[in-house]
Amino acid sequence: MRDGRIVASKLGKQFRRYHAHRPRTFQEAVAGGLRLLSPVERLWVLRDISFTVPQGKMVGIIGTNGAGKSTLLRMIAGVMKPDEGSGEVHGRLGALLEIGAGFHPDLTGRENIFVAGIVGGLTRREVARRFSSIVEFSEMEDAIDNPLHTYSSGMRMRLGFSLAIHLDPDVILIDEVLSVGDFAFALKCLNCILEFKKQGCAILIATHDLEVCRQYCDRLLWLDGARLAGSGPPGQVIDKYLESMNLAEPVRA
């Protein structure tokens, strides 16, 4: 039984917007004045976000584009530092934040598996032992020795997902990657995620697919206006979310 969980407490992230004519070089800064180097506006993209994802639970994040879903996942993963609050991951992390994140385009699929696997916490021997299973799940046998830059976005997603689940994660973060690729492989990935959930993984997923949220998530977080606009059972949160947009039925992305 896996033992992973996520605890977020009053998380906040602030972005800075700079002048359109901000100097790009030292010479431009001297000629144009240092005042253009300062941000003209500071915007809170997320603020006061608190939640937990217990062992064996799947929590979804919904909201319109730009609501801060990806930013929240990146702070939980440690890729982005919060400006206030904290986000803690207990257990080994498997993160699918973007297609092919951490892969090098000039390396082959085989080489990328070894490099990314070791960066993800496995030894070279452990990667070698799992290599065949990683390739088999990704269905990339015919292209595994080709450079990554020859792969389509769907092929990179397959390889990235397969590697992530073979890291033996206790916590899984997913950012819309299931929307890339063919339906059969997306279903295969979803079934794999649900199996990890049964084993005790804590799963946090950002998605526009409200049907997936309604059927498989235990709880939903709705982000709007940099704040947590709703949190609770999927059906209730989805209804309020759709009502805010004057929609009657879920729309699959």
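**Contacts, strands and charged pairs**

Mentor: This is a predicted model. Setting aside neighbours within four places in sequence, R5 is in contact with V53, P54, Q55, E88, V89, H90, V171 and A202.

Trainee: Where does R5 lie in the fold?

Mentor: R5 belongs to strand β1, residues 5–17. In a regular strand the side chains alternate between the two faces of the sheet.

Trainee: How far apart are R5 and P54, in sequence and in space?

Mentor: They are 49 residues apart in sequence. From C-alpha to C-alpha, R5 and P54 are 4.9 Å apart.

Trainee: Now strand pairing. In which sense do β3 and β8 pair?

Mentor: Strand β3 (residues 58–62) and strand β8 (residues 219–224) pair in the parallel sense, over four bridges. V59 stands opposite R219 in β8.

Trainee: How many bridges join β8 to β9?

Mentor: Five bridges join them, and β8 and β9 (residues 227–232) run antiparallel. L220 has G232 in β9 as its bridge partner. The hairpin of β8 and β9 has two residues between the strands. There, G225 takes a positive phi near 60°.

Trainee: Next, charges. How many salt bridges does the structure hold?

Mentor: Side chains of opposite charge can pair when their charged atoms come close. This structure holds nine salt bridges. One of them joins D175 and R74, with the closest N and O atoms 3.5 Å apart. D175 lies in strand β6 and R74 in helix α2, so the pair ties together parts that are 101 residues apart in sequence.

Trainee: Are D175 and R74 buried or exposed?

Mentor: D175 counts as buried, at 11% relative accessibility. R74 is buried too, at 16%.

Trainee: Which residues does E139 join in one network?

Mentor: Take the pairs in turn. E139 and R158 meet in a salt bridge of 2.7 Å, N to O. E139 lies in the loop between α4 and α5 and R158 in helix α5, so this pair ties together parts that are 19 residues apart in sequence. K188 also forms a salt bridge with E139, the closest N and O atoms being 3.1 Å apart. That pair links distant parts of the chain, with K188 in helix α6, 49 residues from E139. Through shared partners, salt bridges join E139, R158 and K188 into one network.

Trainee: Which of the three is buried?

Mentor: R158 is buried, at 14% relative accessible area. E139 is partly exposed at 43%, and K188 is partly exposed at 27%.

Notes: Residues numbered from 1 in each chain as written. Predicted model: local features only at pLDDT ≥ 70, side-chain atom pairs only at ≥ 80, totals over all residues. Heavy atoms only, no water. Pairing = 2+ DSSP bridges. Contact = heavy atoms within 4.5 Å. Salt bridge = Lys/Arg side-chain N within 4 Å of Asp/Glu carboxyl O. Buried < 20%, exposed > 50% of the residue type's maximum accessible area, 1.4 Å probe, protein only.
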